[in-house]
Amino acid sequence: MASGTRTLALRHQFASAEQQKDASTLGMWIFLVTEIMFFGGMFCMYTVYRSLYATAFGAGSNHLDVTLGAVSTVVLIASSFTMALAVNSAETGNRRALITNLIITILLAAGFLVTEMWEWYQLHQEHLMPGSGFRFEGPDPGHVQIFFSMYFSMTGLHASHVLIGIGLLTVTAIRAARGTFPAGYSTPIEIAGLYWHFVDLVWIFLFPLYYLVARHAAHG
Amino acid sequence: MTDHIVSKKTYALIFATLLVLTGVTTAIGYVDLGRMNVVVALAIAAFKGVLVVLFFMHLAYSRRLTQLTIVAAFLWLSLLIALTLADIWSRGWIVGTGK
């Protein structure tokens, strides 16, 4: 029967550890493809509305705090970097570094959420949260409200992914600390890493599309 | 497949590049390039995204099957956006039906 390399982590339906890892990686990517289409529908909606109401989008965008947006981008990219380091630590069998890097990643993810919630709070104070309390003094408030509806739904969906990611990484860190993963078996960390980098990937597009629409046109 | 371990140095290099590009895209946002603003912003975002996918997500070292899966995803996404825009932008071209 199966004559491939057997490891502790090899399940019996796979011929080799290599085949098992390929299956896990492809399976995770298929899931991420569905996520790309999930977010993709919203990016499509964004494209349509921005092409129709470019001026209102610019006016709405200039009420977002670029500094906060840029800081949260840097924090999220940094968390992706420490996640990559965690994968490297797992592959090289350095459990202590793996746990440390996972914890730093979780802390950075929490930091990202704090900056984002601060932005939401500010928008709420400025009455820019869509709904009955929405007030916008400039022209075309209706379409500006569409901008903010989309801002909150897309960053909200993204934030929920950050939350899920924090949960996933926490479970992974606990399992690593308990020594659940045999030496040389890094697949669970790599799979969790794929999810986390995907969250980073989405934000890389959200940042310019929401924060940098019409910066050049307005100050203050 | 490949038990290719990406080195910390490679990760650090990608990280530094991503940080620089974040600074660049923010700075360019304040320069008036007319319609090119959005093009430049998206080009930088796409380049950052490719770096993340290829190196952080190891697609550069993955099997061809995995690579094709991702390419197919973005192909479908571009179809989704392109055909939707084709609909939206062409409404009203035919007199009497659209607004």
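## Helix packing in a predicted two-chain model

A:Trp196 lies in helix α6 of chain A. The model is predicted. A:Trp196 has 31 C-beta neighbours inside 10 Å, and the cut-off for burial is 20 or more, so A:Trp196 counts as buried. Its contacts beyond four places in sequence are A:Ser80, A:Met83, A:Thr105, A:Gly165 and A:Leu169. A:Ile164 sits 32 residues away from A:Trp196 along the chain, yet their C-alpha atoms are separated by 9.5 Å.

A:Gly142 gives a contrast. This glycine lies in helix α5 of chain A, which covers residues 141-177. Is A:Gly142 buried or exposed? A:Gly142 counts as exposed, because it has 10 C-beta neighbours inside 10 Å and the limit for exposure is 12 or fewer. From A:Gly142 to A:Thr67, 75 residues apart along the chain, the C-alpha separation is 26 Å.

**Chain A overall**

Chain A has six helices and zero strands. Its pattern along the sequence reads α-α-α-α-α-α. The C-alpha trace spans about 70 × 30 × 30 Å along its principal axes. Chain A has 220 residues, and 39% of them count as buried. Consider the contacts in chain A with a separation of 6 or more: 74% of them come from residues 24 or more positions apart.

**Helix α1 of chain A**

α1(A) covers residues 17-52. This helix has 36 residues. From first C-alpha to last it reaches 52 Å, close to the 52 Å expected at 1.5 Å a residue. Its buried residues are A:Ala17, A:Lys21, A:Thr25, A:Met28, A:Trp29, A:Leu32 and A:Tyr46. What do these buried residues pack against? Their partners are α5 and α6 of chain A, together with α3 of chain B.

The pairing of α1(A) with α5(A) can be described in detail. The two helices pack at an angle of about 160°, with axes 11 Å apart. Angles over 145 degrees count as roughly antiparallel, so α1(A) is roughly antiparallel to α5(A). α1(A) passes α5(A) in a left-handed crossing. On the α1(A) side, the contact uses A:Met42, A:Met45, A:Tyr46 and A:Tyr49. On the α5(A) side, it uses A:Ile146, A:Met150, A:Ser153, A:Met154 and A:Leu157. By class, this contact has eight nonpolar, one polar and no charged residues.

**Helix α2 of chain B**

α2(B) has 21 residues and reaches 29 Å from its first C-alpha to its last, close to the 30 Å expected at 1.5 Å a residue. The buried residues here are B:Asn37, B:Ala41, B:Ala45, B:Lys48, B:Leu51, B:Val52, B:Val53, B:Phe55 and B:Phe56. These residues pack against both chains: α3 (66-91) and α6 (187-211) of chain A, and α1 and α3 of chain B. Just after α2(B), B:His58 takes a positive phi of about 65°.

α1(B) and α2(B) pack at an angle of about 170°, with their axes 10 Å apart. These two helices are therefore roughly antiparallel to each other. α1(B) passes α2(B) in a left-handed crossing. From α1(B), the residues in the contact are B:Thr10, B:Ile14, B:Thr17, B:Leu18, B:Leu21, B:Val24, B:Thr25 and B:Ile28. They meet B:Val40, B:Ala41, B:Ile44, B:Phe47, B:Lys48, B:Leu51, B:Phe55 and B:Phe56 of α2(B). This contact has 12 nonpolar, three polar and one charged residues.

| Helix pair | Angle | Axis separation |
|---|---|---|
| α1(A) and α5(A) | about 160° | 11 Å |
| α1(B) and α2(B) | about 170° | 10 Å |

**Where the chains meet**

The contact between the chains takes 36 residues from chain A and 39 residues from chain B. On chain B, α1 (8-28), α2 (36-56) and α3 (64-90) each supply at least two residues of the side that touches chain A. Which helix gives the largest share of that side? It is α3(B), with 12 residues. By class, the side of chain B that touches chain A has 25 nonpolar, 10 polar and four charged residues. Helices described above take part as well: buried residues of α1(A) pack against α3 of chain B, and buried residues of α2(B) pack against α3 and α6 of chain A.

Notes. Residues numbered from 1 in each chain as written. Chains lettered and ligands numbered in written order. Predicted model: local features only at pLDDT ≥ 70, side-chain atom pairs only at ≥ 80, totals over all residues. Contact = placed C-beta atoms within 7 Å. Helix = DSSP H or I, 4+ residues; strand = E, 2+ residues; numbered from the N terminus. Nonpolar A, V, L, I, M, F, W, Y, C, P; charged D, E, K, R; others polar. Expected span 1.5 Å × (residues − 1). Axes fitted to C-alpha atoms, helices over the stretch in contact; angles between N-to-C directions. Parallel < 35°, antiparallel > 145°, perpendicular 65-115°, else oblique. Left-handed = near helix turned anticlockwise from the far one by under 90°.
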